[in-house]
Amino acid sequence: MGEPGTPDLVKLEDLEASNVLTGRKHILSLLVENQPGVLARIAGLFSRRGFNIDTLAVGPTEDPDISRVTLTLDGAVHPIDQVTKQLHKLVNVIKIRDMEPDGTVAREMALFRVNAAVENRGEIMQFAEIFDAKIVDVSRRTLTVEVTGSQDKIDSFERMVRPHGLIEMARTGEVAITKARPDA
Amino acid sequence: MRAADALCEALKAEGVQHVFGIPGGANLPLYDAIYDADFEHVLARHEQGAGHAAEGYAKATGKVGVAFATSGPGATNLVTAIADAMMDSVPTVFITGQVRTDLIGTDGFQEADVTGITLPVVKHSFLVTDPRQIPDYIHKAFHIAKSGRPGPVLVDIPQDLSRADIEYEPATGTPDLPGYKPSLEGNIKQIRIAAKALANARRPVIYGGGGIVNAEASEEFREFCALDEFPVTLTVMGLGAFPAPHERWLGMLGMHGTRAANYAMDEADLIVCVGARFDDRITGKLSEFAPRAKFIHIDVDPAEISKNVPAHIPIVGDAKDVLPKLTREYRALKAETDRLAEWWERIRGWQAAHPLRYEDSTDSEIKPQFMVEAMYEATGGDAIITSDVGQHQMWAAQYYHFSKPRRWLNSGGLGTMGFGLPAAIGAKVACPDDTVVCLAGDGSLVMNVQEMATAVQHDIPVKVFLMNNGHFGMVRQWQELFWEERYQSVAMGSSPDWVKLAEAFGWSGMRCEDKSELRDVMRTALETDGPVLLDVRVTQNENCYPMIPAGHAARDMVG
């Protein structure tokens with residue numbers, strides 16, 4: 001008895017079950033084996049368990065045998081703990097990281113085709129400048145703008161241009177990487 | 001070496017002695033290799049039968065069960081068995097033929113995307129794309145199927161690849177699977193907290209499940225339960241892990257469990273769940289389940305913990321590792337011994353007021369519960385019993401007092417009718433010296449009745465005791481109780497003459513309609529050589545009680 005970390009008596013009334021809903025957005029970064037069908041397993045798991053993915057991005061990593069899947073989910077709706085545990089059961093999933101918001105660099109890229117007739121073309125271009133975005137395609141009545149940044153930044157850009165007539169939007173979903181320690 | 005021969009070598013290296021299956025176009029190379037292989041192939045009559053036989057084999061022994069099927073319909077026929085093995089965590093490897101690689105994706109003859117179809121119901125699957133993968137995938141499949149929380153693994157092999165020539169080198173050691181590392185050892189700090197909480201509990205219940213059986217931890221479970229005056233209950237999958245009858249045995253819990261077990265869960269202050277998963281058949285209405293209890297949840301699958309019921313003390317680990325540690329820690333605490341006296345007084349009250357009971361007939365009519373009791377006596381309580389799904393399954397769980405693990409093989413999770421006969425065949429192949437009886441329902445038995453031919457061809461002397469009530473009895477019961485007696489499609493209307501059917505298959509057929517003769521007829525059936533089907537005519541409209549109506553709480557038990 002008297003083990004460090006545990007009291008001699010554990011009173012039942014003091015026991016708490018951990019709260020399953022965190023109430024915030026989560027970015028899960030998965031390292032998976034680069035094999036056919038892996039994405040189908042992940043997607044199938046989500047649909048079968050009733051988990052809803054907000055965004056999903058898949059791409060290679062520095063190791064050709066390993067791909068990275070980055071997905072974002074709403075922790076107010078889904079028990080993230082249960083989601084990660086289910087994902088861990090997939091044999092092809094090697095590692096899962098629930099990215100800490102403060103220790104993470106997360107970026108998303110989006111393309112917006114916006115109505116840009118003569119009278120509001122200037123304003124759109126101003127927005128692009130403010131958001132550090134690039135104009136990648138031009139036509140007589142439209143501008144296509146490439147925006148990179150956090151999900152919030154892209155959301156705000158969308159809010160700015162939508163009143164001018166948002167014709168088409170394509171977003172990649174976030175990718176994320178942990179911040180290096182300053183001394184690393 | 002031809003890849004199909006390498007596959008057989010790999011199976012041999014895994015210790016495979018028996019496989020169940022059916023040949024077809026896409027797995028012809030494999031069957032050609034079997035011609036020279038060292039294991040015995042049992043020819044099933046339907047791939048679902050082969051799959052359940054592999055499950056029965058695995059459930060009876062803990063060894064990996066293996067089934068073969070060809071592509072397309074052969075493989076899709078396996079799907080129910082695969083799903084069944086997934087739900088009940090049965091270590092199984094399913095090997096399917098696939099059309100040639102150049103035909104994949106062309107809707108070729110007998111082509112089906114079997115890895116796709118089975119994706120949600122496998123622990124893992126492999127689609128072979130290079131013949132050199134075949135032996136490696138087989139070893140990986142076995143490792144995954146039997147380790148951690150067991151389950152089904154599918155290996156799908158295109159026909160041309162199994163004909164290719166490869167170099168075979170026997171595998172050594174544990175396969176390298178970077179994303180698969182089951183945690184078997186329980187965290188000792190958590191175990192200590194659990195022991196201390198348990199020492200403080202005034203109204204504890206030990207609730208065990210099939211995980212104990214899978215972990216081969218029945219001995220460890222019994223030792224743990226013997227530490228103190230703990231009341232013990234088990235799920236339908238766990239029966240046999242704790243010896244019934246026993247003075248601290250409450251009976252099975254859940255929808256058709258005893259009142260004592262369900263009421264004890266309802267009033268418990270601490271529930272220790274070992275290798276079970278708080279299925280809806282256990283909890284009933286989740287929001288009213290065990291409202292006063294804190295939960296210690298021990299499971300090898302971390303995803304089961306806090307999935308349905310949030311755990312206060314989660315312990316991820318294999319029951320075989322965790323239970324002895326928990327036993328040691330608890331013993332060291334020297335808990336106050338008579339603190340459970342009051343709790344037992346309450347439980348004894350429920351047991352006295354609500355024993356399992358039925359109204360027996362006063363004439364020759366055979367009540368189904370009586371039939372199970374007669375079966376218990378005739379087999380000396382020591383047979384391997386398989387069952388189908390429905391009333392007879394629940395009566396067997398209630399009235400056949402399983403005292404050892406791996407003696408009760410049934411489809412608990414998926415609830416697959418037609419499981420019993422092929423599972424009995426698999427179990428008898430695995431355990432030829434044991435008496436194997438399939439307690440079947442007349443609704444269920446026809447669903448895989450073709451496997452009677454398998455038993456004859458391979459000289460597998462299983463006994464089928466058919467509880468014949470002329471109905472899909474459980475569905476009839478639900479229509480009676482919850483659908484205003486609007487009986488729809490539950491009477492069998494026409495069934496074969498079972499004695500003649502048995503004889504037509506080359507079995508011995510017997511019939512019993514008289515209670516006073518039943519025990520003797522059963523003994524005769526058990527003593528008769530070869531497979532025997534005994535058609536027992538039981539009460540047609542008997543209901544299975546007690547019962548928690550679906551979606552209700554333990555307190556709402558009826559009957």
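Tutor: Let's begin with a rule: two strands pair if DSSP finds at least two bridges between them. This is a predicted model, in which local features need pLDDT of at least 70 and side-chain atom pairs count only at pLDDT 80 or more, while totals for chains, interfaces and linings use all residues. Residues are numbered from 1 along each chain as its sequence is written, with chains lettered from A and ligands numbered from 1 in the order in which they are written.

Student: Why are β3(B) and β4(B) called a pair?

Tutor: β3(B) and strand β4 (residues 92–98) of chain B share 5 bridges, and the rule asks for at least two, so they pair. The two run parallel, with G65(B) standing opposite T92(B). Both strands are DSSP runs (E, at least two residues), while helices are runs of H or I with at least four, all numbered from the N terminus.

Student: What kind of crossover takes the chain from β3(B) to β4(B)?

Tutor: The chain passes through α4(B) on the way, making a right-handed β-α-β crossover. That name means that, with the strands pointing away from the viewer, the path from the first strand over the helix to the second runs clockwise.

Student: Which residues of β3(B) lie on each side?

Tutor: G65(B), A67(B) and A69(B) are on one side, with V66(B) and F68(B) on the other. In a regular strand the side chains alternate between the two faces of the sheet.

Student: What makes a nonpolar core, and which residues have the most contacts inside the largest one?

Tutor: Such a core is a set of buried Ala, Val, Leu, Ile, Met, Phe, Trp, Tyr and Cys residues joined through C-beta atoms within 7 Å. The largest has 204 residues, and L7(B), V155(B), I271(B) and L534(B) have the most contacts inside it. Helix α4 (residues 73–87) of chain B gives the most to this core, 8 residues. Apart from it lies another core of 14 residues, including F112(A) and F157(A).

Student: What does I271(B) touch?

Tutor: Leaving out residues up to four places away in sequence, its partners are V205(B), Y207(B), M265(B), A290(B), A293(B) and F295(B). Contact means C-beta atoms, placed from the backbone, within 7 Å.

Student: How many residues of the two chains are in contact?

Tutor: 27 residues of chain A are in contact with 29 of chain B. On the chain A side, α1 (38–49), α2 (80–88) and β4 (93–99) each supply at least two residues.

Student: Where are the domains of chain A?

Tutor: Domain 1 spans 22–99 and domain 2 spans 105–178; such bounds come from an automatic or database domain assignment. Their C-alpha centres lie 27 Å apart, and their contact takes 8 residues from domain 1 and 7 residues from domain 2. The largest share of the domain 1 side, 3 residues, comes from β2(A).

How values were computed:
Buried ≥ 20, exposed ≤ 12 C-beta atoms within 10 Å, placed from the backbone.
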